[in-house]
Amino acid sequence: MTDTATTGTDWAAWQRSWDRQQEWYMPDREERFRVMLDMVEAVVGPEPRVLDLACGTGSITDRLLKRFPGARSTGVDLDPALLAIAEGYFAGEERVTFVTADLKDPDWVTALPRTSYDAVLTATALHWLHMEPLTALYGQLAGLVRDGGVLMNADHMIDETTPRINAAERARRHARMDQEKAVGVLDWTDWWAVAAKDPVLAEPTARRFEIYGEHADGDTPSARRHAEILRAAGFDEVRPVWASPSDTLLLALK
């Protein structure tokens, strides 16, 4: 963080800080976003109407608009602190709309400004849902994605049939994270501690922890299980289009 960011006025610095904290967990995060946008262009073209699901600070929307000037994005989230950063960062940007909504609320879709989207994009977000609300959400998203449109979910999807591979990957990943943390990289807890002390973000950060607690703990089914649920929800084709040792980008075509 820079000194100006700690005043709560440098929203670009807050955005960069969030991205850096997320990269600590996922060093190939930018590659994942690139492939996501490659597939958006390949399937629905360079001027998509996008739903940035559980958008946080708007990391996906930021990259979307820089790559596709004709794109439009609706960001939806419940986190008041991350939405404050997103709204500050995108202030005056007519191509973006933000909506506060709880994805576990059956009526959350009624808050959206559109009833149909070319693409629904989400990353590192849905793992906080348990299987029942995740299944319900996928069903709702099938109704929001137009025919020929796509849903892409990039997240930690664990294959329980490969326990030794999983353990080796996790050990290597955490060794790298420990090395980076030793030289001052902020982790999730550290980042929120900085936000809690900021004169602008302190209040929305406090509300955020009232909503979520310290950390939401959902399920992390395999990519195969995600695909099964998406097909049952009404998507015609589903498969991974990118994967790292720890994460998968799953594309579902309507």
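**Figure 1. Surroundings of leucine 103 in the predicted model.** In this predicted model, leucine 103 is in contact with Leu53, Ala54, Val76, Trp108, Leu126, Trp128, Leu137 and Gln140, leaving aside its neighbours within four places in sequence.

Figure 2. The largest nonpolar core has 32 residues, of which Leu51, Leu53, Val76, Leu103, Trp108 and Leu141 touch the most other members. Two or more residues of this core come from each of the elements β1 (49-53), β4 (117-123), α5 (131-144), β5 (145-155), α9 (223-233) and β7 (248-253). Helix α5 provides the largest share of the core, namely six residues. Another core, of 27 residues, lies apart from this one and includes Met36, Leu37, Ala86 and Ala154.

**Figure 3. Helix α4 and its covering elements.** Helix α4 (residues 80-89) is largely enclosed by the rest of the structure, because seven of its 10 residues are buried. These buried residues are Pro80, Ala81, Leu82, Leu83, Ile85, Ala86 and Gly88. Among the elements that cover them are α1, β2 (72-77), β3 (96-100), α7 and α8 (202-212). At the start of α4, the backbone nitrogen of alanine 81 has a side-chain oxygen of aspartate 79 within 2.9 Å.

**Figure 4. Aromatic pairing of tryptophan 14 and tryptophan 191.** The model contains 11 aromatic pairs. In one of them, the ring centres of tryptophan 14 and tryptophan 191 are 5.6 Å apart; their planes stand at 80 degrees, over the 60 that marks the limit, so the pair is edge-to-face. The pair links distant parts of the chain, with tryptophan 14 in helix α1 (residues 11-25) and tryptophan 191 in helix α7 (residues 188-196), 177 residues apart. Tryptophan 14 and tryptophan 191 are both buried. An aromatic cluster is formed by Trp14, Trp18, Trp188, Trp191, Trp192 and Phe209.

**Figure 5. Aromatic pairing of tryptophan 24 and tyrosine 25.** Tryptophan 24 and tyrosine 25 form an edge-to-face pair, with 4.6 Å from centre to centre and 75 degrees between the planes. Tryptophan 24 has a relative accessible area of 6%, which is under 20%, and is therefore buried. Tyrosine 25, with a relative accessible area of 28%, is partly exposed, because this value falls between 20% and 50%.

**Figure 6. Arginine side chains over aromatic rings.** The charged end of arginine 32 sits over the ring of phenylalanine 33, at 5.9 Å from the ring centre. Arginine 208 lies over the face of tryptophan 192, 4.7 Å from the centre of the ring. Tryptophan 192 also belongs to the aromatic cluster that includes Trp14 and Trp191.

How values were computed
Residues numbered from 1 in each chain as written. Predicted model: local features only at pLDDT ≥ 70, side-chain atom pairs only at ≥ 80, totals over all residues. Heavy atoms only, no water. Phe/Tyr/Trp six-rings, centres within 6.5 Å; stacked < 30°, edge-to-face > 60°. Helix = DSSP H or I, 4+ residues; strand = E, 2+ residues; numbered from the N terminus. Buried < 20%, exposed > 50% of the residue type's maximum accessible area, 1.4 Å probe, protein only. Lys NZ or Arg CZ within 6 Å of the ring centre and 35° of its normal. Core = buried A, V, L, I, M, F, W, Y, C linked by side-chain atoms within 4.5 Å. Contact = heavy atoms within 4.5 Å. Polar contact = N/O pair within 3.5 Å; in protein donor to acceptor, adjacent residues only side chain to side chain.
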